[in-house]
Amino acid sequence: MPGEMKLDAALADLEAGKFSFRMVVAIENHVKKLESELEVTRSLHASAMRELKLQEYANWRLERKLKSLKARIRALLRANALTEKAYRKMAPVATEIGEYFSASWEFAGATLQKAMASLKSGQFQSQLVGSSSKLRELLESSAPMEKAFQEIRRYVVKVGESLQLFKKPAANVIAKATAYLSGLQKTSE
């Protein structure tokens, strides 16, 4: 506007003691302009603080992940070292076991051949028949034990019958004792 006063001129008039509405409007406009700039600065500051907090959180998450990965790497390195150590110790043992395995394979092969020969010749079947006959003799010799078991069984049945007869009087005594104890409890309360 052509009739607007500049801020410097308005301040000079204010200093000189001259008062005009144009001067007040110029100062007021300048203050509004400064307030709007201040508001923009505040919103930019809040946005920058939000961004800073997000960056700090992202950094914190990355640091935590880095620590976790470092711990996993350390664990893998330790496991690798232990594996190498175990391999170094197991290598001679494995060669020794291989030698024993080959020797035992030779022995097992010979034994297996003997077993096949005894099976073909019928010697194995005769040993099986001999063992089964010995087992039958043992079972037949335990027949008197079966008779003793029958005697014990009759005795156990008689004891069971006696216990059945004792059960009724015992139940009556227990019922009376329970009633007496509940009566005592009621009177003590």
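## A phenylalanine between two helices

Let's start with Phe 19, which sits in the loop linking helix 1 (7–16) to helix 2 (21–121). Helices here are DSSP runs of H or I with at least four residues, and strands are E runs of at least two, numbered from the N terminus. This is a predicted model, so local features need pLDDT of at least 70 and side-chain atom pairs count only at pLDDT 80 or more, while totals for chains, interfaces and linings use all residues. Residues are numbered from 1 along each chain as its sequence is written, and side-chain values use heavy atoms, with hydrogens and water left out.

Phe 19 counts as exposed because its relative accessible area is 61%; the cut-offs are under 20% for buried, over 50% for exposed and partly exposed in between, with a 1.4 Å probe and protein chains only. Together with Phe 21 and Val 24, Phe 19 makes a nonpolar surface patch of about 370 Å². Patch members have over 30% relative accessible area and no salt bridge, with nonpolar side chains (Val, Leu, Ile, Met, Phe, Trp, Tyr) joined within 5 Å and like charges within 9 Å. A salt bridge means a side-chain nitrogen of Lys or Arg within 4 Å of a carboxyl oxygen of Asp or Glu.

## The overall picture

The protein has four helices and zero strands, running α-α-α-α from the N terminus on. Of its 189 residues, 3% are buried. Its accessible surface is about 17700 Å², with 65% of that belonging to carbon and sulfur atoms; areas come from the Shrake-Rupley method with a 1.4 Å probe.

Ahead of helix 1 you'll find Lys 6, which counts as exposed because its relative accessibility is 65%.

## Along helix 2

The count of aromatic pairs is one, taking rings of Phe, Tyr and Trp (its six-membered ring) with centres within 6.5 Å; planes under 30 degrees apart are stacked, over 60 edge-to-face and the rest tilted. That pair is Tyr 57 with Trp 60, stacked at 6.0 Å centre to centre and 25 degrees between the planes. Both lie in helix 2, three residues apart, or about one turn of the helix. Tyr 57 is partly exposed at 48%, and Trp 60 is partly exposed at 44%.

There's also a surface patch of positive charge, formed by Arg 64, Lys 67, Lys 70, Arg 74 and Arg 78. Among them, Arg 74 lies in helix 2 and is partly exposed at 47% relative accessible area.

Key
Lys, Arg positive; Asp, Glu negative; His and termini not counted. Charge placed at Lys NZ, Arg CZ, Asp CG, Glu CD.
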